[in-house]
Amino acid sequence: MPDTPTLRLPADEAGIARAAELLRAGELVAFPTETVYGLGADARNDAAVAGIYEAKGRPSFNPLIVHVPSIEHAKELVEWSGTAENVARAFWPGPLTLVLPIRWDAGLSDRVTAGLDTLAVRLPAAPLARELLTAFGGPLAGPSANRSGRISPTTADHVLSTLDGRIAAVLDGGPCKVGLESTILGLSGRPTLLRPGGISAEQLSEALGHPVMRRQDNAAISAPGQTASHYAPRARMRLNAAEWREGEARLGFGDMECDLNLSPSGDLEEAAANLFAHLHLLDASGAKIIAVAPVPHFGAGVAINDRLSRAAAPR
Ligand code: TXA
Ligand code: MG
């Protein structure tokens, strides 16, 4: 792994052109999407994709999401379906990833799918991500741009905090708007919610015309990366804190006294956008325990509670 410092590229035409050029040369470039920063590599280039696993310290059995510049590109990679068309029309570009059977002629590195016969594809909405994908002109493998098991990055500084010197560049587009990773919908069998995210189960069910299955109801299908412990800060986490205790870092929600507040007005979308950045800050404060106020379990709150319980899981 070369230990040259990672370039920070500006979010302008020259920065995008340089990022696309590095990607074409098989280098790793982190880029902002509306959810979190992704660690991009040419999904057709075996060595580049291997580099993602090495830079992240990611287990090789955990497959990657591929980002595409258009629906047409997605159709070249996966066996498209009427259901895929419906949900893509409703939510793309946006924070939704679809898992579909991979086409035999997709032309991707086998490492992308880690040997599965399905592929996770996503058309992101963030303008900078779309401009980069268009400039690059092909499929970009892109897991979250953090060392494996650590908190996902929502700023270029977060990316550099764990990957500086391990990747060629980061395209700095400022903070991500949604702040939580995409919702993952499995469409290779019965539509199944594999990971809660920015698009809620209720929204998906409405577009599908029937209730989406939850992963726990369909254990045969799973997102291999959905292990209990994930997004782990160094500090221990105490969730649903009804009161604050001496010496804890206090992460609040709603109108209350605390060290950092996910949303003083109790807005779940705002809380989602702040979650990872606040965890990064409280963790950096050196506190041994981060206590978190209760967050309601509806709308974006489902995905927030999912990430909090993974951050709190025994390691
Ligand atoms: O918002 C996002 O989805 C971000 C941005 C960068 O796009 N990406 C992201 O990637 O969160 P990552 O690698 O951190 O999470 C991808 C998840 C993993 O849990 C992985 O196991 C699952 O997607 N996955 C990938 N391919 C899959 C497949 N074929 N079937 C089921 N799960 C899959
Ligand atoms: Mg991740």
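This is a predicted model: local features need pLDDT of at least 70, side-chain atom pairs count only at pLDDT 80 or more; totals for chains, interfaces and linings use all residues.

Colleague: With which residue does Glu248 form a salt bridge?

Modeller: The partner is Arg238, and the closest N and O atoms of the two are 2.7 Å apart. Arg238 sits in strand E12 (residues 236-238), while Glu248 belongs to the loop between E12 and strand E13 (249-252); the two residues are 10 apart in the chain.

Colleague: And is Arg238 buried or exposed?

Modeller: Arg238 has 16% relative accessibility and therefore counts as buried, since the cut-off is under 20%.

Colleague: How many salt bridges are there in the whole structure?

Modeller: The search finds 17. One of them joins Asp157 to Arg8, with 2.7 Å between the closest N and O atoms. That pair links distant parts of the chain, as Asp157 is in helix H6 and Arg8 in strand E1 (residues 7-10), 149 residues apart.

Colleague: What about the accessibility of Asp157?

Modeller: Asp157 is partly exposed, at 48% relative accessibility. Arg8 is also partly exposed, with 41%.

Colleague: Changing topic: how is the chain divided into domains?

Modeller: There is domain 1 (7-214) and domain 2 (236-312). Their C-alpha centres lie 26 Å apart.

Colleague: How many residues are in contact between domain 1 and domain 2?

Modeller: On the side of domain 1 there are 15, and they are in contact with 13 residues of domain 2. The area buried between the domains is about 1,200 Å², and carbon and sulfur atoms give 65% of this area. Ile151, Leu180 and Pro196 supply 48% of what domain 1 buries against domain 2, more than any other three residues.

Colleague: How many salt bridges cross that interface?

Modeller: The rule finds one across the interface of domain 1 and domain 2.

Colleague: Which residue does Glu181 meet in a salt bridge?

Modeller: The side chain of Glu181 meets that of Arg307, at 2.8 Å from N to O. Both residues belong to a network of salt bridges that also links Asp306 and Arg310.

Colleague: Where do Asp306 and Arg310 lie?

Modeller: Both are in helix H9 (residues 300-312), four residues apart, which is about one turn of the helix. Asp306 and Arg310 form a salt bridge with their closest N and O atoms 2.9 Å apart. Asp306 and Arg310 are both buried.

Colleague: What does Trp80 touch?

Modeller: Beyond its neighbours up to four places away in sequence, Trp80 touches several residues, among them Ile71, Ala74, Glu85, Trp92 and Leu98.

Colleague: How many aromatic pairs does the structure hold?

Modeller: It holds one. Trp80 and Trp92 form this pair, which is tilted, with 5.9 Å centre to centre and 45° between the planes. Trp80 lies in the loop between H3 and H4 and Trp92 in the loop between H4 and E5, so the pair ties together parts that are 12 residues apart in sequence. Trp92 counts as buried, at 8% relative accessibility.

Definitions and conventions
Residues are numbered from 1 along each chain as its sequence is written. Chains are lettered from A and ligands numbered from 1 in the order in which they are written. Side-chain values use heavy atoms; hydrogens and water are left out. Contact means heavy atoms within 4.5 Å. Rings of Phe, Tyr and Trp (its six-membered ring) pair if their centres lie within 6.5 Å; planes under 30 degrees apart count as stacked, over 60 as edge-to-face and the rest as tilted. Buried means under 20% relative accessible area, exposed over 50%, partly exposed in between (1.4 Å probe, protein chains only). Domain bounds come from an automatic or database domain assignment. Buried area is the accessible area (1.4 Å probe) that two parts lose on being put together, summed over both. A salt bridge is a side-chain nitrogen of Lys or Arg within 4 Å of a carboxyl oxygen of Asp or Glu.
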